[in-house]
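Biologist: I have a few questions about how the terms for this model are applied. Could you take me through them?

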Amino acid sequence: MTEVNKPPRIGGWTRFVTARPRLSLLAALVLTVLAVLAGSGVADRLGSGGWEDPGAESTYATRALEGEFPDSQPNLLLLVDSGGASVDDAAVAAEASRLATRLAGEKGVTGVGSYWQSKSPALRAKDGHEALIAARITGDEKAMGETLDRIAPSYRGTHGPVEVRVGGIVAVRHEMQTIIKEDLTRAEMIALPITLVLLVMVFGSAIAALLPLGIGIVAILGTNAVLGGLAEFTDVSIFAMNLTTALGLGLAVDYALFIVRRFREELSTGAEPLTAVATTLRTAGRTVLFSALTVAVSLAAMLVFPQYFLRSFAYAGIAVVLLAAAAALILLPAALVLLGNRVNSLDLRRLFRRGGRPKAAGAADGEEGTAWARTATLVMRRAPFFAVATTAVLVLLGLPFLGVKFGTADDRQLPSSAESHVVQQHIRDGFPGSPGGGLEVLAEGRATPAQYAGYKERIAALPEVVRVDGPLVKGDSAYFTVVPKGEAVDDAAQRLVGDLREVKAPFDTKVTGTAAVLVDSKHAIAGQLPLAGAFIVIVTLLLVFLLTGSVLIPIQAVVLNALSLTAMFGAVVWIFQDGHLSGLLGFTSPGSIETTLPVLMFCVAFGLSMDYGVFLLSRIKEEYDRTGDHDRAVRLGLQRTGGLITAAAVILAVVMVAIGTSRVTNTKMLGLGIALAVLMDAMVVRSLLVPAIMRLTGRATWWAPAPLRRFHDRFGLSEGEAAAEPEGERERDKVAAHG
C-alpha cells in the first residue's frame, strides 16, 4: 500500500513543530539576531593555549615561579640585531640598554633583563651580531595581549644602530590568535559559496539548496553565543571556533540533506506537504536525532581530559551538534510545510541541460540510485575480496602512525614569515641556549647554602645535563635552571625530567619547563584515554543497538569506524610530522605531533563517521523491517543513501579543506586530516566495506538474544512504518543465527 492510500499519520512532534510555522521561523530569526549580538567579538575573549594539565607538577611550579621569580619565566623577547657590528659595540650597547630601561618602565611588564646587563652567554648569538632583552608581561591572556598590542609597535623596527623584532611565548600566542581569526573569516568566505554550489548540484532547486545553508548559519551563530557565555566562566580555546564553523556547516548540511531529500521523495509519491513532513520526521527525523546523539557522545569524551584545549572542542562540538539537530528538526519542518511543492522551485540544473527541458524531481536520484545499486550488487557478489582488500589497504595507510612522536605546540605552528616565529627560529639556530628552553627546578622549604650546593652537584652529575645555573633564593624558595643536551623537548630532555624528579633533596622540588609540560601532558592524556575510549564505545554500542536491535551491528559499527580513521592518522604523521608536502602545503614541520591533536581528531572523525554510519544503517534497517530480505535491504540501503552520504561527505570535506587553508599548522592538520577521514569513510568504508561485511554476516547480522530483543521492542527506536518484524521473519532469524 502506498503512502497516498494510507490515512495521514500526524504525530505529536509534527503537530508541535508545524502548528504555527511562521511564528516558529520568526522566533528563530529573533533568537538568531540575539545570538549574533551575544557572540560578537567572541574570538577576543578566547585563549590560544590550554595544552598543559592544570593539575600537573609542572603547572604548579610554573605558577609558583611566575609569582616568586618572574625573571625565571620570560614570555617577551626582544631580538636586537646589530647588523654588521658586534653587540658589544659601545653604540649598540647604549641603545640596547636604553630600550631595556624603557621596557622596565612599561605598565604590566616586569623581570626585565638583557645580555648587556647580565653578560649571560645564553642571551648572545654565537656570531656576536644578535642578543636578547627578556621580560615578563603580567596578567591573564587577554591582559597580556592588550599590553603587547600597546607596547610592541614602539619597540619593533629600527632604533639607531639596531633592528628589533618582538617574540616570546606571549607574542607567539597573540600572533596565533590574530591569524586564526583572519583565517577563519577567509575559510567561511571560501566554504559558503562552494557549499551553496554543491547543494544546488545535489538538489537542483535553489530553494532546497538554501535550506541546509540556513540551518548551518543558525547553528554557527548559536554556538558562537554559547562559547561567548562559557568564556565568562571558564577558559575556552580559540581553536574551537574552527570546529564550530566546520561542524556547523557540515552537520547542518548532513541533517538537512537527509530531511529535505526524504521530504521530496514523499512529495513525489503524491503526499500532501503536512503528511510528507510527518513521514519525514518519523523516518529521517529519527535518524537525525540518533546521528546527533552519536556525534555528541564522541565529542563529549573530550570532557574527561584536564586540558582546556580539548575541553573547548567538546563545548563547541556538543553545542553545534545539538543546535544543528534542533534547527533541522524544528525550523526545517516548519519551512517545508510553508514551501510545500515549491521546495523544488528554481531548478538551476535545467540551464545546463540540453534544450533546457526540466527534469522531474527525483529522476536524477533514480539514475544515481541505479549506479549505487550496481555498486552494491558487485560488492556483495565478491564480498570476501572487498572485505579483505579494503581492510588491508586501510591498515597499510595507517602504518606511518606507528612512528608518531609527540611534542608541544610552539612558534613553528605559525607561518615562517610571522615575526614571533622568526625570532624563535633565530634563537634556535644562532644562540647557545634559550631563556625558555631549559628546565627549572623549584625548591620549597628552608635550606642551608650547603644543602643547595649538594643538590646542585647531584643534578649536575646527571648524564643529560650540560650545566646547572643557580640557585636564586628568595625566602624559603629557590630555583635552579638546568640546561639539557640536545633539543628542549627531545627524548633525552623528557628522560631528564624523570631523572630530576627522582633526585633526593632535603626540600620539596618541582620540575617545570617545556619538556616537563610535555611529559605531564602525555601522562594526563594516557591516564584518561581508557576512560574516554570506554565512554565512546559503550554509549555508541548502546545507541546503535537502540536503533537496530542487533547485537552484531553495533560491534561492526565501532570496529569499522575506527578502521576508517587509519588513513587520517597515517597521513598526519607522514605529512605533518615527517614534513612531506610541507612546501606544497606551506607549513614548517616541528618533527612531532602536538600531544592533544590525535585525541581531538579521533573524537571528531569518529563522530562524523558514526553520522554517516547511522544514515546508512537506518535505511538498511527500514528496508529489512519492511521486507525481511537481508541482501535486498543492504542493496537498497546503499542505493538510497550512497549518493546522499557521498554528497554530504564531499560538502563537509570542502568545509574542512577551507579550514585547512589556515596558516596555523595545527588548524591545517585538523582540517585536512578530517577531510581525508570523512572522504575515506563515505567512499570506501560505507560504499565497499560495510556492504561486504554485512553480506558475509548474512541474516545473523540482525540477531539478538531474547532479553535484548524485548528490551529493544520496548525502548528502541526504529525508522519506517514497521515497528517489528513479522513472527515468521523472527523465526527465520533464529534459524539463520543457529544454522
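Modeller: Gladly! Let me begin with pLDDT, the predictor's confidence in each residue, from 0 to 100. The protein averages a pLDDT of 85, and 91% of the residues score at least 70. This is a predicted model, in which local features need pLDDT of at least 70 and side-chain atom pairs count only at pLDDT 80 or more, while totals for chains, interfaces and linings use all residues. Residues are numbered from 1 along each chain as its sequence is written, and side-chain values use heavy atoms, leaving out hydrogens and water.

Biologist: Where is confidence lowest and where is it highest?

Modeller: Helix α25 (residues 727-738) is lowest, at a mean of 40, and helix α13 (residues 383-398) is highest, at 95. Helices here are DSSP runs of H or I with at least four residues, and strands are runs of E with at least two, numbered from the N terminus. The pLDDT is also below 50 over residues 1-8. Where pLDDT is low, the predicted coordinates should not be read in detail.

Biologist: What makes R124 and D88 a salt bridge?

Modeller: The term asks for a side-chain nitrogen of Lys or Arg within 4 Å of a carboxyl oxygen of Asp or Glu. The N to O distance for R124 and D88 is 3.3 Å, so the pair qualifies.

Biologist: Why is D183 called buried?

Modeller: Buried means under 20% relative accessible area, exposed over 50%, and partly exposed in between (1.4 Å probe, protein chains only). D183 has 3%, so D183 is buried. R186, at 31%, counts as partly exposed.

Biologist: What makes L23 exposed, then?

Modeller: L23 has 52% relative accessibility, so L23 counts as exposed. L23 is found in helix α2 (residues 21-39).

Biologist: How do you know that the span of α16 is close to the expected one?

Modeller: The expected span is 1.5 Å times one less than the number of residues. Helix α16 (residues 491-502) has 12 residues and reaches 17 Å from its first C-alpha to its last, close to the 16 Å expected. Its buried residues include A492, L496 and L500.

Conventions:
Contact means heavy atoms within 4.5 Å.
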